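Hi,

Here is the structure I said I would pass on. Have a look at it, then read my notes below.

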Amino acid sequence: MIEQPVRFLDRARAKLGTEGVATVGVAARRLAGMREAAFAEFPDGEAMRDRARAIRLRTLRQLDEHLAAFADAVAARGGHVHWATDGNEANAIVAAIASNHDVATAVKSKSMVTEEIELNEALEHHGVHVVETDLGEFIVQLAGDRPSHIIAPVLHKTRYEIGELFAAELGVDYTADPTELNAVARHHLRSVFLRADMGISGVNFAVAETGSVCLVTNEGNGRLATTAPRIHVAVMGMERIVPTVADLGVMLEVLGRSATGQRLSVYTNIVTGPRRPGDPDGPDEFHVVILDNGRSGVLAGSSAEILACIRCGACLNVCPVYREAGGHAYGDVYSGPVGAVLTPALRGMDDWHDLPYASSLCGACKDACPIRIDIPELLLDLRAKATSAGHDDRWLRRGLSAYAAAATHPAVFRAMLRAGGMAGALGREGWIAKLPGKGGSWTDSRDLPKPAREPFYQWWKRNRGT
Amino acid sequence: MERDAFLDRVRRATATARLPEPPPTLELTQTEYEDPAEEFTRNLTSVDGIAHAPATIEDVVPLVVNIVQDAGATSFLSWDADELPVPGVIEGLQAAGCDRRPAVVPLADAARRTHQVGYDDVAAGVTGAVAGFASSGSIVLDTGPGRPRMASLIPTLHVALLRRSAIGSSVSVWLAAHPAAAAETSNLVFVTGPSRTGDIEMQLNLGVHGPRTIHVVLVPDG
């Protein structure tokens, strides 16, 4: 059995109760509240979610045809399409484009998929200076850190930490005022934007019928990165497709509301090919890199529904585990409930079999998901796979087998309950944090309610028994 | 990887994919607003944008000049005169001492960079708009000859001129009614209020990359 070097519980325990994780929890609750309010005032919200779900599921069923149509449409508009089996291929493609055009500096708009394939590291290795431009991602990059939330990557940092970081890295006077920190970032990044040779973006939606890519941002960095540099490279997971422009409209009605409670995010940027003859500005070259990187394997199996995800982050915000543990506990780019499914599905069970257990299966994620993805069902399916591959957790096997042995032998069961009653001394305030001996593997990941001093069967005997 | 091999693998995956049945399509209520301009104004205001409703076409030029002067702007980028729904806007700004910057970015690398670096201090951008969405307070901008993207993106102040009659109900209704809108331009963008971020401790900040202030002038028809 292969163990991850650091597993979910260890990562979560390292962060529990820290200020950073508390900030994540507060922000997640606030974002969840804004989502609820946005749907409460949207009369067509539920019908629109059904439509969005139908579009995503139908598209996945014929994904090959939609991808082919999309690629043809991009080419017809003078764009270049590249196909990448995995992250290494995708990185090599982008590096080759950069080297063919003597690119020194690339500006990046926020993109999960390029974090998935670690494009920045690959490009830096080829001598390209890569600058993240989403404010949160910029801070994360300056700090040499990793994002902690799909929508708000730097939730885990306080303004004081950011102030110190800017002072140290950008040579400005220390300030912890968010408005001043924003102004510092705007000034610094603006001069980078206007000089950069290449702009790299992700893709929120790719429209098959027109060959368009749609990028949704609030800051405007997505527009700048796809307008100022002479080359625009968009990197997309192959599942980002929607068939038509009308379908795109449906997706946009649910994306902003689900992510941040906005009816529409500030900038919905639809790019169709490079600058055309007569256009006053915009990039001269447009490239799309379409990435598989394990997705066809996910599509072929029982986790396929997770590919319908539109990366709004709503499931993170409502998840009681995410709220307490934060994004970093999930150990990879995709965190929260979607990450608990997507990471093991994409990267394999051997290293990630503990993630499907990072959930209480409460179902809040499914309720919040604009696509109504049945995340609890997908998690259960992955747990079953983990168990049949011999990856079941020790606490579960030992705990359940001990319980089974005791419960089928009445004398043993009663002795256990009496022992439990006495064990009340082990914890405080009604909870036991650490059981001794083999029971310890059960309380590693959960506190146990203190048993009653008198077991129920004794109480029954005393009061109602004959 | 080759396209055919890539797509073959996807095709084989779709054959065994375990996907739920798509839900049935329910009818939408399709809100038609009695007064789309009023709804547009309310929603733009709620996202920190500013809407203006001049009574006549003649009021538009002085209004735009006032907005730009109040912001202390002495330079601007704009769409060409014949791309704006009201004549005289550019001349009005120039007469008020505002310098119009050239908006055509050269193709050659070095010239392109020099030109764009010169945008750094442009204070105001003046554009038209193809349409508006009442339900979200958004404006629709496209690019093409005489319609630079940078005019709505680089300056800290953006003034957009939108015909009242071009206000539709929502993004989904508008895109369904205009299926060719995306393909007709290299860049179609929906702008909903000023640039915003909440990345630092979820405190709202405007203008982190795009304009800090957006004024939409609702141009009367006729």
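Which residue of chain A forms a salt bridge with R113(B)? The partner is D197(A), with the closest N and O atoms 2.8 Å apart. (A salt bridge here is a side-chain nitrogen of Lys or Arg within 4 Å of a carboxyl oxygen of Asp or Glu.)

Before going on: this is a predicted model, where local features need pLDDT of at least 70, side-chain atom pairs count only at pLDDT 80 or more, and totals for chains, interfaces and linings use all residues. Residues are numbered from 1 along each chain as its sequence is written, chains are lettered from A and ligands numbered from 1 in the order in which they are written, and side-chain values use heavy atoms, leaving out hydrogens and water.

Back to the interface: the rule finds 8 salt bridges across chain B and chain A. Chain B puts 88 residues into the contact and chain A 107, where contact means heavy atoms within 4.5 Å. About 8,400 Å² is buried between the two chains, with carbon and sulfur atoms giving 55%; that is the accessible area (1.4 Å probe) lost on putting the two parts together, summed over both.

Now the inside. The largest nonpolar core has 133 residues, and L67(A), F70(A), M198(A), L252(A) and F190(B) have the most contacts in it. (Such a core is a set of buried, meaning under 20% relative accessible area, Ala, Val, Leu, Ile, Met, Phe, Trp, Tyr and Cys residues joined through side-chain atoms within 4.5 Å.) A second, separate core of 74 residues includes L165(A) and V47(B).

Enjoy!

Technical notes. Buried < 20%, exposed > 50% of the residue type's maximum accessible area, 1.4 Å probe, protein only.
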